[in-house]
Amino acid sequence: LIKTADIIDAFSEFGQVKNLHMNPDRKTGFVKGYALVEYGSKTQAQDAINALHGTELLGKTVSVDWAFVKPVAASGSPGTKPHHRRR
């Protein structure tokens, strides 16, 4: 069973963990197998990636990489509907 404290302990070595999100499975309540860790600076995050990617944590080999929110599509981009003004 993975606990929040286990993840924070491993990742806090590289800076203060600003935010941690562990997504549980709705049916089982167990963590789905990934966590999103946020640091206050890009340097801290890069240090964690460099040090922890491919290492073992709680008996599992972990992949550590960047995660970003997809940008919002601009008006007129493929897949978006144009907004029309009423006259």
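This is a predicted model: local features need pLDDT of at least 70, side-chain atom pairs count only at pLDDT 80 or more; totals for chains, interfaces and linings use all residues.
Of the 87 residues in the protein chain, 17% are buried. The chain exposes about 7600 Å², of which carbon and sulfur atoms supply 52%. Among the contacts with a separation of 6 or more, 32% are accounted for by residues 24 or more positions apart.

In helix 1, which spans residues 4–11, the buried residues are Ile7, Ala10 and Phe11. These residues cover an arc of only 90° around the axis, and they therefore lie on the same side of helix 1. Such an arrangement can be read against the geometry of the α-helix, in which there are 3.6 residues a turn, so that residues three or four places apart point the same way. The cover over the buried residues of helix 1 includes strand 1, strand 2, helix 2 and strand 3.

Helix 2, comprising residues 42–52, has Ala45, Ala48, Ile49 and Leu52 as its buried residues. Because these residues cover an arc of only 100° around the axis, they are placed on the same side of helix 2. The exposed residues Thr43 and Asn50 are carried by the face of helix 2 that is turned away from this buried side. Helix 1 and strand 2, the latter formed by residues 31–39, are included in what covers the buried residues of helix 2. Helix 2 is in turn included in the cover over the buried residues of helix 1.

The segment that follows helix 2 contains a residue with a positive phi, namely Gly54, for which the angle is about 85°. Gly54 lies in the loop between helix 2 and strand 3 and is partly exposed, with a relative accessible area of 48%. When neighbours within four places in sequence are left aside, Gly54 is in contact with Thr61 and Val62. The C-alpha atoms of Gly54 and Val64, which are ten residues apart along the chain, are separated by 7.5 Å. A positive phi is also found at Leu58, a residue other than glycine, where the value is near 55°. Leu58 belongs to the loop between strand 3, residues 56–57, and strand 4. For context, most residues other than glycine have a negative phi.

The pocket analysis gave, for the largest pocket, a space of about 870 Å³. Its lining is made up of 32 residues, of which Phe11, Ala35, Leu36, Val37 and Asp65 lie nearest the centre of the pocket. Of these, Phe11 is also one of the buried residues of helix 1. At least two residues of the lining are supplied by each of helix 1, strand 1 (residues 17–24), strand 2, helix 2 and strand 4 (residues 60–61). The greatest contribution to the lining comes from strand 2, which gives eight residues. By residue class, the lining divides into 22 nonpolar, six polar and four charged residues.

How values were computed: Residues are numbered from 1 along each chain as its sequence is written. Side-chain values use heavy atoms; hydrogens and water are left out. Buried means under 20% relative accessible area, exposed over 50%, partly exposed in between (1.4 Å probe, protein chains only). Contact means heavy atoms within 4.5 Å. Accessible areas come from the Shrake-Rupley method with a 1.4 Å probe; for residues, only the protein chains shown count as cover. Helices (H or I, at least four residues) and strands (E, at least two) are DSSP runs, numbered from the N terminus. The arc is that of the directions from the helix axis to the C-beta atoms. On a 1 Å grid over the protein atoms alone, a cavity is a set of points where a 1.4 Å probe fits but cannot get out, and a pocket is an open set with protein on both sides within 12 Å along at least five of seven lines; lining residues have an atom within 4 Å of a point. Grid points are joined across faces, edges and corners, and a volume is the space filled by probe spheres set on the points. Ala, Val, Leu, Ile, Met, Phe, Trp, Tyr, Cys and Pro count as nonpolar, Asp, Glu, Lys and Arg as charged, and the others, Gly among them, as polar.
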